[in-house]
Amino acid sequence: MSHTPTPKTTVDVRSIAPRERHPLIFGTFNALQAGEALLLVNDHDPKPLFYQFQAELGGTFSWDYIEQGPDVWQVAIGKLPAGGNAHA
């Protein structure tokens, strides 16, 4: 059920201060072209980030878990072409 392309860049936020994580992730996502993706690496399930993406970006992104803990979570977050609508 993956709609996410191979990630263009990796954002490993495990060593980033929590208050700086979401701005970094959104900045990286906003720099992507439609059809590109980033790979997020985190030390916990980034589900709150998923809800923030939904609230701010609606159906313009895809979200595919690559690894789900217990120590590391990896999520491919893709920027969908106009008219796309896919969340995992």
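Phe61 has a relative accessibility of 0% and therefore counts as buried, a word that here means under 20% relative accessible area, with exposed meaning over 50% and partly exposed in between (1.4 Å probe, protein chains only). This is a predicted model, in which local features need pLDDT of at least 70 and side-chain atom pairs count only at pLDDT 80 or more, while totals for chains, interfaces and linings use all residues. Residues are numbered from 1 along each chain as its sequence is written, and side-chain values use heavy atoms, with hydrogens and water left out.

**The chain as a whole**

- From the N terminus on, the elements follow the order β-α-β-α-β-β, where helices (H or I, at least four residues) and strands (E, at least two) are DSSP runs numbered from the N terminus.
- Of the 88 residues in the chain, 38% count as buried.

**Aromatic rings**

- The count comes to 8 aromatic pairs, a pair being two rings of Phe, Tyr or Trp (its six-membered ring) with centres within 6.5 Å, called stacked if the planes are under 30 degrees apart, edge-to-face if over 60 and tilted for the rest.
- Phe50 and Phe61 make an edge-to-face pair, with 5.8 Å from centre to centre and 70° between the planes.
- Because Phe50 belongs to helix 2 (residues 47-57) and Phe61 to strand 3 (residues 61-68), this pair ties together parts that are 11 residues apart in sequence.
- Phe50, at 5% relative accessibility, also counts as buried.

**Charges over rings**

- The charged end of Lys47 sits over the ring of Phe50, 4.8 Å from its centre, which requires NZ of Lys or CZ of Arg within 6 Å of the ring centre and within 35 degrees of the ring normal.
- Lys79 lies over the face of Phe29, at 5.2 Å from the ring centre.
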